[in-house]
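Here's a quick briefing to read alongside the model. Have a look at the fold first, then we'll start with one side chain.

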Amino acid sequence: MNIPGLITAFRASGTFVKRRLVVHGASEGLAAQAVGGSALLIGVTTDVGASEGDHVDVIRSGLALVVYGDAVAAGDPLTSDATGAAVPAGAGDFFIGYAEVAGSAEEIGSVWIAPGQLPAA
């Protein structure tokens with residue numbers, strides 16, 4: 001399901017693949033593709049990727065399509081793997097929100113964007 005709410009534009013710090021998780025970049029106005037759950041996740045890229053320095057649109061609220069990087073169950077809190085794909089979050093991970101549908105690696109799923117961080121073990 002794809003019902004995006006707020007979509008904001010950032011300047012790309014690095015290369016972005018479509019429908020991947022995003023973190024803040026090194027300076028104001030920059031965003032980077034996520035590479036794990038250790039940093040605050042701020043949204044999901046749209047169906048358009050971006051190259052270094054280009055503008056990239058980031059879905060910040062609502063329901064967004066996202067690529068799964070592993071098996072996901074509906075309701076799982078989702079974090080990023082090393083490629084920015086959504087995977088189930090573990091203890092201490094930042095998460096972007098909750099899976100709306102179950103799916104497998106490389107499938108396009110849906111996330112309800114509600115960022116947070118799971119408690120440490």
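In this predicted model, a polar atom of the Q33 side chain lies 2.9 Å from the backbone oxygen of T83. A polar contact here is a pair of N or O atoms within 3.5 Å; within protein, one must be able to donate a hydrogen and the other to accept it, and residues adjacent in sequence count only if both atoms are side-chain atoms.

**Around Q33**
- The Q33 side chain also has a polar atom 2.7 Å from the backbone nitrogen of V17.
- Q33 is buried, at 16% relative accessible area (buried is under 20%, exposed over 50%, partly exposed in between, with a 1.4 Å probe and protein chains only).
- Leaving aside neighbours within four places in sequence, Q33 touches residues including F16, R20, L21 and G84 (contact means heavy atoms within 4.5 Å).

**Strands and sheet**
- You'll find eleven strands and zero helices; strands are DSSP E runs of at least two residues, helices H or I runs of at least four, numbered from the N terminus.
- Q33 sits in β4, residues 30-33.
- Six strands make an open antiparallel sheet, ordered β1-β7-β11-β10-β8-β9 (strands pair if DSSP finds at least two bridges between them).
- The edges are β1 (3-4) and β9 (86-88), each pairing on one side only.
- β10 and β11 run antiparallel, joined by five bridges, and Y98 stands opposite W112 in β11.

**Reading the numbers**
- Residues count from 1 along each chain as its sequence is written, and side-chain values use heavy atoms, leaving out hydrogens and water.
- As the model is predicted, local features need pLDDT of at least 70 and side-chain atom pairs count only at pLDDT 80 or more, while totals for chains, interfaces and linings use all residues.
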